[in-house]
Amino acid sequence: MTVTRFVLRRLVGALVVLLVLSAALYALFYLLPGDPARLACGERCTPAQVDQVRERLGLDEPVYAQYLHFLQGVVVPRDYAAAGSPLPCAAPCLGLSYQNDQPVTALIAAGLPATASLALGAMVVWLLLGVGTGLVSALRRGGPAERVLTVLTLAGTGTPVFVLGLLLLMAVCAHLQWLPFPTYVPLTQDPEQWAWNMLLPWLTLGLFESAKYARLTRSSTLETLAEDHIRTFRAYGLGERAVVTRHALRGALPPVIALSALDLGSMMGGAMITESLFGLPGLGRLLIESVRSVDLPVVVGIVLVIGAAVVLANAVADVLYTLADRRVALS
């Protein structure tokens, strides 16, 4: 029953957050200078052509009416044939792009595989490096290994992700020539080439994020090792390896698990610098292009997807935290 109430509360909260996000974006774009109809039509269009585009896109209606039509299309398929577009828009319909009349859901679906590939691969890298580095640093506290790892962690924290990506490109692709310059290949087309071309983006984002996880793992492990029950296990003669693997990690990993779920959700649109640097056709790159062209439906659709991913990640993080630490209950 507790889990059911938790899920229902999360669903209601997610709907409220997404409604507020979409309304805020609509209000923000209509307060900014620029005419979406003029941008969609082009600089050489006559005023009559701009008016036709405005009518076709529904921009001649009041803002609240456009927003209500948008909300209606989320649950009910919309027919844009009357507006001059032959493309159907099945539910959930987030509207048509101002730039190419493509359904927003189709554009998001085209960019989602690259973003998901980048986020999932980078998460594996930052967990392996971050947790491993933090654990070694905590167990070798005060030694040379801990000092070296602390310096590397601070360097990783202070290095911007685009600088790290450029350094990897110059070193691995240009100087050493171990890999060709990355070109995105879909997983379904060639899994091997997909993995090789995603290696540098994974390393760039994973190395950048791993510094944060190294610090978190180190502090959590040191805090857990100082607890009374750990000293009791040691007093009973339990080996150090068993103390660390069976008991210390159980108390140190819940914060790491929770943060990983949140970061994975935010990476659905937060890795735009890495996507732009390596030319990945993901949601972050699509978001930048849509903001530049004031393509309101695409921007709103991507932000809603990112918001939904973050809300879902919050719920998953709470559940995983509870499973990892029985002292915490869902509420």
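User: Which residues does valine 298 touch, not counting residues up to four places away in sequence?

Analyst: This is a predicted model: local features need pLDDT of at least 70, side-chain atom pairs count only at pLDDT 80 or more, and totals for chains, interfaces and linings use all residues. Residues are numbered from 1 along each chain as its sequence is written, and side-chain values use heavy atoms, with hydrogens and water left out. Touching, or contact, means heavy atoms within 4.5 Å. Leaving out residues up to four places away in sequence, valine 298 touches Ser97, Val104, Leu107, Leu286 and Ser290.

User: Is valine 298 buried or exposed?

Analyst: Valine 298 has its place in helix α13 (residues 296–324). Helices (H or I, at least four residues) and strands (E, at least two) are DSSP runs, numbered from the N terminus. Buried means under 20% relative accessible area, exposed over 50%, and partly exposed in between (1.4 Å probe, protein chains only). Valine 298 has a relative accessible area of 1%, so valine 298 is buried.

User: How many Å apart in space are valine 298 and leucine 94, C-alpha to C-alpha?

Analyst: In sequence, the two residues are 204 residues apart. In space, C-alpha to C-alpha, valine 298 and leucine 94 are apart by 7.9 Å.

User: Why is α5 oblique to α12?

Analyst: Axes are lines fitted to C-alpha atoms, for helices over the stretch in contact, and angles run from 0 to 180 degrees between N-to-C directions. Angles under 35 degrees count as roughly parallel, over 145 as roughly antiparallel, 65 to 115 as roughly perpendicular, and the rest as oblique. The axes of α5 (residues 104–139) and α12 (residues 283–292) come within 7 Å and cross at roughly 135°. That makes α5, relative to α12, oblique.

User: How many nonpolar, polar and charged residues are in the contact of α5 with α12?

Analyst: Helix α5 brings Leu107, Ile108, Gly111, Leu112 and Thr115, and α12 brings Leu283, Gly284 and Leu286. Ala, Val, Leu, Ile, Met, Phe, Trp, Tyr, Cys and Pro count as nonpolar, Asp, Glu, Lys and Arg as charged, and the others, Gly among them, as polar. The contact residues divide into 5 nonpolar, 3 polar and no charged.

User: Is asparagine 197 buried or exposed?

Analyst: Asparagine 197 is found in helix α8. Beyond its neighbours within four places in sequence, asparagine 197 is in contact with Phe181, Pro182, Thr183 and Val185. Its C-alpha atom is separated by 4.7 Å from that of proline 182, 15 residues apart along the chain. At 9% relative accessibility, asparagine 197 counts as buried.

User: What is the relative accessibility of threonine 217?

Analyst: Threonine 217 also belongs to a helix, α8. Leaving aside neighbours within four places in sequence, it is in contact with Gly130, Val131, Gly134, Leu135 and Val256. Threonine 217 counts as buried because its relative accessibility is 1%.

User: What is phi of glutamine 177 near?

Analyst: Glutamine 177 lies in the loop between α7 and α8. With a relative accessible area of 61%, glutamine 177 is exposed. Its phi is positive, in a residue other than glycine, with a value near 55°.

User: What percentage of the accessible surface of the protein chain belongs to carbon and sulfur atoms?

Analyst: The protein chain has 13 helices and 2 strands. Of its 331 residues, 40% count as buried. Accessible areas come from the Shrake-Rupley method with a 1.4 Å probe; for residues, only the protein chains shown count as cover. The accessible surface comes to about 17900 Å², and the part belonging to carbon and sulfur atoms is 67%.
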